[in-house]
Amino acid sequence: MDSHALLTVGILSAIGFCSCKNELLLNGPLDGAVGGSVEFTLINPPSPPPNLITWRFTGYTENIIVNSFSGGNETHVDYVGRISVNKTTASLKLRGLTHNDTGRYSVSFLISGVGYQGGTSLTVFDKISNVKAEANQHELVEFNSSVILTCSASGSYPSFRWFNRSADVTGSDNRTLTVVNVTRYDTGPFQCEASNAINVEMSSEVNLTIAYGPDSAVVTVKPPDSFYSSGSDITLSCSSESKPAAQFQWALNGTLLGREGPELRLENVQASQSGAYSCRAYNSKTHRSETSSPSTITVLERISGAAITSTGGVWIECKSSVILTCDAQGSIITREWRKDGNPLHGVNIDELNRTVSISPLKKEDKGYYTCQVSNPVSSETASKGLIVNCPLPPWVIVIIVIGVLIGVTAVIGISIFLLKKKGKLGLPMGRQAPPQNNASTELDYADISHFQKRNGQKEDLGNGGDGGDGGVAAATIYAAVKLPRSTGPNPGQAPGPPNQVPDVTYAQVKKK
């Protein structure tokens, strides 16, 4: 070092920095890591460059780090190999930091006889490392348990933050985190962040096992339906949010069935298995249970053998009544009565629609009665014809008889008229003798001139002589007379005289 430099150093050392009026601005305060490096720089570097630059340290001790001038550097022994000075900008770089480098750093120089000075500070930290998070217990029960998590780390002046599932836990700025009455959302993973001015490190994850539930149990029925036909297969499933998984028991109408598991299968189900099914979910860790709302299963027997029965035999209006009864096998839900295809009205039907009472019967009650027996899974229709036999009133009978007589008379009259017109009805001239040898009697006609009365007297009918007053004899209507059969001799007997013809029986004759 030449005499001029020594003189300048002596002057700077003697006057210090107190009398300088031109303040220099430096970066900082600075933070450095042990083993790392920092650089002190001037925000307003000198211009022109100074001839002599001095850096001073004040910390656990005070000393001049370096005097730098155009001819070289004068460096303190503690900084040899650890510093470098930029003579243009007057900046200083310090390497190989230790905790002893923590302190205040200042720089001073002269330009054209004017002194300048400025200062900053450095803090040297150990880096954060070995960050670890731990929990005082890992198996917890929702709403019943609490947990304390603790974070540890190596390094200088660490500060801590906690995260749950990567979300910052509000207000967690301490080494420990306490969660009171944990919920199922507190399972984690939890992590601890440790940091200082130099670096930030995260801990490994901490996971908690939290038992909860069972929540509300729910029964699902497949296939879903309101009614099932006997013989169907039905599957009931029970679910509940629970950790660990819940254990399930099944009940019918509140009575345990002795069936366990999340699924209950009803195969070839019958009507006797109808009722309200429910499941009970139980958690062995929380010792809690939950029972589902009941699910009603209604099994119906199919309708068969529908029939209508009736009381009575012959039904007469105003004197009889009838009861029609509709029955069938199976689960009967509804009965619907119809007459001749139309809804049945105006009769007495019981509350179950099972019987129809008609009293008294009327003619209009005859017809075709049907009863449809049904349930939601099947139906069948029965039928019965009803005949109402009502007697006719007397006046109707009289009219019918008179009508028949008039009709018969008319037919006879017309027949006689037609026979006469065709000449088939002639006047006989006499009477033939009765046949011999048992011959059949002929139908003959008699010329009747008188009528013999029962008292033996004869009534002249005027058929034989003049009609009186010299006129023509009056005409007489002749009636057919059936002569009796003559009787011949018996076999083996001698023939004798023929039997005498008996008196003729005459029909009533009208004289004109």
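The reply below begins with the chain as a whole and then turns to the core.

Analyst: The model is predicted. The protein has 512 residues, of which 34% are buried, and its secondary structure amounts to two helices and 41 strands. Of the contacts between residues at least 6 apart in sequence, 59% connect residues at least 24 apart. The exposed surface comes to about 30600 Å², with 52% of it supplied by carbon and sulfur atoms.

The part requested is the largest nonpolar core, a set of 24 residues. Phe-40, Trp-55, Ile-65, Leu-94 and Leu-122 are the members with the most contacts inside this core. Seven strands are named as supplying at least two residues each: β3, β4, β5 (62-69), β7 (83-85), β8 (92-94), β9 (103-111) and β10 (114-125). Among these strands, β9 gives the most, with four residues. In soluble globular proteins, nonpolar side chains tend to be buried together.

Leaving aside residues up to four places away in sequence, Leu-94 touches Gly-36, Ser-37, Val-38, Phe-40, Tyr-79, Arg-82, Ile-83, Asp-101, Tyr-105 and Leu-122.

The structure contains six aromatic pairs. One of them joins Phe-40 to Trp-55 in a tilted arrangement, with the ring centres 5.9 Å apart and 40° between the planes. This pair links distant parts of the chain, as Phe-40 lies in strand β3 (residues 38-40) and Trp-55 in strand β4 (residues 52-58), 15 residues apart. Both Phe-40 and Trp-55 are buried. Ring pairs also connect these two residues with Phe-57, Tyr-60 and Tyr-105 in a cluster.

Thr-120, a residue of strand β10, touches two members of that ring cluster, Phe-40 and Tyr-105. Thr-120 is buried, because its relative accessible area is 5%, under the 20% cut-off. Its side chain reaches the backbone oxygen of Asn-27 at 2.8 Å. The contacts of Thr-120 beyond four places in sequence also include Leu-26, Asn-27, Gly-28, Pro-29 and Arg-104.

Elsewhere in the chain there is a second, separate core of 20 residues, which includes Ala-133, Trp-162, Ala-194 and Leu-208. Strand β14 (residues 159-164) and β15 run antiparallel and are joined by two bridges. Phe-163 has Asp-168 in β15 as its bridge partner.

Another open sheet of four strands, also with antiparallel pairing, has the order β30-β31-β35-β34. Here the edges are β30 (304-310) and β34 (348-349), which each have a single partner strand, so one side of each is left without a neighbour in the sheet. Five bridges pair β30 with strand β31 (residues 322-329) in the antiparallel sense, and Thr-309 stands opposite Thr-325 in β31.

Technical notes: Residues are numbered from 1 along each chain as its sequence is written. This is a predicted model: local features need pLDDT of at least 70, side-chain atom pairs count only at pLDDT 80 or more; totals for chains, interfaces and linings use all residues. Side-chain values use heavy atoms; hydrogens and water are left out. Two strands pair if DSSP finds at least two bridges between them. Rings of Phe, Tyr and Trp (its six-membered ring) pair if their centres lie within 6.5 Å; planes under 30 degrees apart count as stacked, over 60 as edge-to-face and the rest as tilted. Buried means under 20% relative accessible area, exposed over 50%, partly exposed in between (1.4 Å probe, protein chains only). A nonpolar core is a set of buried Ala, Val, Leu, Ile, Met, Phe, Trp, Tyr and Cys residues joined through side-chain atoms within 4.5 Å. Contact means heavy atoms within 4.5 Å. Accessible areas come from the Shrake-Rupley method with a 1.4 Å probe; for residues, only the protein chains shown count as cover. A polar contact is a pair of N or O atoms within 3.5 Å; within protein, one must be able to donate a hydrogen and the other to accept it, and residues adjacent in sequence count only if both atoms are side-chain atoms.
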